[in-house]
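Dear colleague,

I am handing over the structure we spoke about. It is shown below, and my notes on it follow.

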Amino acid sequence: MSCGRRCDPVWMGLTNCLDYLYNLRMRASIRKRTYNLDGDMIERVRRLYNAKTDTEAIQKALRKAIDDREIEDALDALLRTGRFRTVYR
């Protein structure tokens with residue numbers, strides 16, 4: 001009985017190579033730092049994002065902050081071009 005693509009040596013080599021490159025990229029961008037943070041706030045963020053670790057919670061919160069800022073900047077740029085107007089009700 002064949003186990004399909006999972007046992008194919010080419011497929012295994014490709015997936016191992018991709019895993020290696022991903023881990024290499026992640027290691028290059030991660031810096032180990034020490035910060036003094038409020039433990040209660042981290043716990044709230046962990047519950048909010050269903051994060052398993054403090055690191056995951058902090059990364060998700062930072063990613064959300066960056067995304068929010070990029071959205072605000074994009075909306076401000078659209079308002080400046082005059083394509084949209086602010087309507088107050």
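What percentage of the 89 residues of the protein chain counts as buried? The figure is 4%. Please keep in mind throughout that this is a predicted model.

Fold and surface

The protein chain has three helices and zero strands, in the order α-α-α along the sequence.

Part of the surface is a nonpolar patch of about 420 Å², made by Tyr35, Leu37, Ile58 and Leu62. Of these, leucine 37 sits in the loop that joins helix H1 (9-29) to helix H2 (39-49). Leucine 37 has a relative accessibility of 52%, and because the cut-off for exposed is over 50%, leucine 37 counts as exposed.

The largest pocket

The largest pocket has a volume of about 660 Å³. Of its 18 lining residues, those closest to the centre are Tyr35, Thr55, Ile58, Gln59 and Leu62. H1, H2 and helix H3 (54-81) are the elements that each give two or more residues to this lining. The largest share comes from H3, which gives six residues. By type, the lining divides into eleven nonpolar, four charged and three polar residues.

Two single residues

Lysine 60 lies in helix H3. Its relative accessible area is 34%, so lysine 60 is partly exposed, a class that runs between the 20% and 50% cut-offs. Tyrosine 49 is eleven residues away from lysine 60 in sequence, and the C-alpha to C-alpha distance between lysine 60 and tyrosine 49 is 7.3 Å.

Asparagine 50 is found in the loop between H2 and H3. For background, most residues other than glycine have a negative phi. Asparagine 50 counts as exposed because its relative accessibility is 65%, with the cut-off at over 50%.

Regards

Key:
Residues are numbered from 1 along each chain as its sequence is written. This is a predicted model: local features need pLDDT of at least 70, side-chain atom pairs count only at pLDDT 80 or more; totals for chains, interfaces and linings use all residues. Side-chain values use heavy atoms; hydrogens and water are left out. Helices (H or I, at least four residues) and strands (E, at least two) are DSSP runs, numbered from the N terminus. Buried means under 20% relative accessible area, exposed over 50%, partly exposed in between (1.4 Å probe, protein chains only). Patches are made of residues with over 30% relative accessible area and no salt bridge: like charges are joined within 9 Å, nonpolar side chains (Val, Leu, Ile, Met, Phe, Trp, Tyr) within 5 Å. Accessible areas come from the Shrake-Rupley method with a 1.4 Å probe; for residues, only the protein chains shown count as cover. A salt bridge is a side-chain nitrogen of Lys or Arg within 4 Å of a carboxyl oxygen of Asp or Glu. On a 1 Å grid over the protein atoms alone, a cavity is a set of points where a 1.4 Å probe fits but cannot get out, and a pocket is an open set with protein on both sides within 12 Å along at least five of seven lines; lining residues have an atom within 4 Å of a point. Grid points are joined across faces, edges and corners, and a volume is the space filled by probe spheres set on the points. Ala, Val, Leu, Ile, Met, Phe, Trp, Tyr, Cys and Pro count as nonpolar, Asp, Glu, Lys and Arg as charged, and the others, Gly among them, as polar.
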